[in-house]
Amino acid sequence: MRAVVVTEYGGPEVLTLRDVPEPEPGPGEVSLTVAFAGVNFTDVRNRVGDGLGVVPFIPGVEVAGTVRQVGPGVEGLRPGQQVAALTRGHGYAEVVTAAAGLTVPLPENLIGKPASGSMFVTMQLGLFLLRQVARVLPGETVLLHGAAGGVGTVIGQLARHFGLRPLYGTVSDLAKAQFARQNGFAQVYEYGRFDTAVLAATGGRGVDVVLDPVGGQIRARSFEVLAPFGRLVTYSNISREPEVVPDANWMRARCVGYAGFSGGQLPQRAPELIRPSLLEATELIGAGVIDTGVTSVFPLARAADAHRQFEQRTAVGKFILAVS
Ligand SMILES: NC(=O)c1ccc[n+]([C@@H]2O[C@H](COP(=O)([O-])OP(=O)(O)OC[C@H]3O[C@@H](n4cnc5c(N)ncnc54)[C@H](OP(=O)(O)O)[C@@H]3O)[C@@H](O)[C@H]2O)c1
């Protein structure tokens, strides 16, 4: 089968199409013929050697396709069934294996649609961030960095769906602001002035929650705009600047909290939490309540171009690879 393989860490050019043996499902697993694979920033981090991927590896953590084979002990899934799955890597390939527990039947209206390859990573993050980690209450104000990306797109819509206040967001270029506003953001600012703008918009009080994938100086400045009882949640360090860890004395004095989330590591710690979030994501997307915001579809052979555009920060929304 064809797959995109990373044999050495580096730029997008290390994503090369190869012929590799097809994987077989083990106990509790299924194999899928992949139709669509989502492109996520975690794939970029793995490619540059800053993630969990150990060379040689096939990137890709979310796919949609057809069940090919069912491994021992699997019930409720059968060959030919249309499904979406969260995988531990290996998604940029014509065939992938996935845990049966992380494989969910596709609603009819999503079969054959590129959006079916983007059902889980950003949605699971959004559902956990808003409800379990930041525990956002109606009336609270939320600032999210990277508002026009794949994560911002679904979190803006989820906030709207849950009846929360419209979010504040940041973008590197205000040309992206309109896209973010369509997806539930009230105000969108550039990074250079977000802190003064957010303080002005909240009458000097600050926000109740900051959702931050950027890290570094942006995170350091974000702590300064937290209102009393505010929470800052880190879910990435996309800037790759040194991690900012607030001093406990400072947090006590300001009456604020600091929390984290990793969808990649949670399955090891609490696997039982994952499947309900995948089922909920499928239901919300299938019902048309949430649109994952697919803006570009690349053939598998052009995975490097997808990564290049992703890293240039010019695009908005979600990127998908069309595999077979
Ligand atoms: N913890 C988890 O479970 C989890 C799950 C999914 C995603 N994430 C993280 O969430 C972030 C967004 O993920 P995604 O896949 O949906 O990507 P994305 O949001 O589609 O794209 C990344 C966004 O980050 C912004 N950004 C800020 N600083 C950047 C930098 N130095 N380089 C590149 N982009 C930068 C870009 O927008 P601007 O150019 O407008 O700033 C872009 O919109 C990533 O950091 C990812 O690792 C974490």
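**Labels and their cut-offs**

Visitor: Why does histidine 90 count as partly exposed?

Guide: Its relative accessibility is 41%. Under 20% relative accessible area is buried, over 50% is exposed, and partly exposed lies in between, with a 1.4 Å probe and protein chains only. Histidine 90 therefore falls in the middle class.

Visitor: What are the ground rules behind such values?

Guide: The model is predicted, so local features need pLDDT of at least 70 and side-chain atom pairs count only at pLDDT 80 or more, while totals for chains, interfaces and linings use all residues. Residues are numbered from 1 along each chain as its sequence is written, and side-chain values use heavy atoms, with hydrogens and water left out.

Visitor: How do you know that the peptide bond between valine 55 and proline 56 is cis?

Guide: Omega there is about -5°. Proline 56 is in the loop between α1 (41-47) and β4 (62-70).

Visitor: Why is asparagine 46 called buried?

Guide: Its relative accessible area is 10%, so asparagine 46 falls under the limit for that class. Asparagine 46 belongs to helix α1. Leaving out residues up to four places away in sequence, it touches Tyr9, Gly51, Leu52, Gly53 and Phe57; contact means heavy atoms within 4.5 Å.

**The sheet**

Visitor: Which strands form the open sheet, and in what order?

Guide: The order is β10-β9-β8-β11-β12-β13, six strands with parallel pairing. β10 and β13 (257-260) stand at the edges, since each has a single partner strand, so one side of each lacks a neighbour in the sheet. From one strand to the next the twist averages 20°.

Visitor: How do you know that β8 pairs with β9?

Guide: Two strands pair if DSSP finds at least two bridges between them. Three bridges join β8 (residues 142-145) to β9, and the two run parallel; β8 and β9 therefore meet the definition. Leucine 143 stands opposite tyrosine 168, leucine 144 opposite glycine 169, and histidine 145 opposite threonine 170.

Visitor: What makes β9 mostly covered?

Guide: Five of the five residues in β9 (167-171) are buried. Leu167, Gly169 and Val171 point one way, and Tyr168 and Thr170 the other. In a regular strand the side chains alternate between the two faces of the sheet.

Visitor: Why is the unit of β8, α3 and β9 called right-handed?

Guide: The word applies if, with the strands pointing away from the viewer, the path from the first strand over the helix to the second runs clockwise. β8, α3 (residues 150-161) and β9 make such a β-α-β unit. The crossover from β9 through α4 (residues 177-182) to β10 is right-handed as well.

**Two helices**

Visitor: Why are α2 and α9 called roughly perpendicular?

Guide: Their axes come within 9 Å and cross at roughly 110°. Axes are lines fitted to C-alpha atoms, for helices over the stretch in contact, and angles run from 0 to 180 degrees between N-to-C directions. Under 35 degrees is roughly parallel, over 145 roughly antiparallel, 65 to 115 roughly perpendicular, and the rest oblique. The two helices are therefore roughly perpendicular to each other.

Visitor: What makes up their contact, by class?

Guide: Eight residues are nonpolar, two polar and two charged. Ala, Val, Leu, Ile, Met, Phe, Trp, Tyr, Cys and Pro count as nonpolar, Asp, Glu, Lys and Arg as charged, and the others, Gly among them, as polar.

Conventions:
Helix = DSSP H or I, 4+ residues; strand = E, 2+ residues; numbered from the N terminus.
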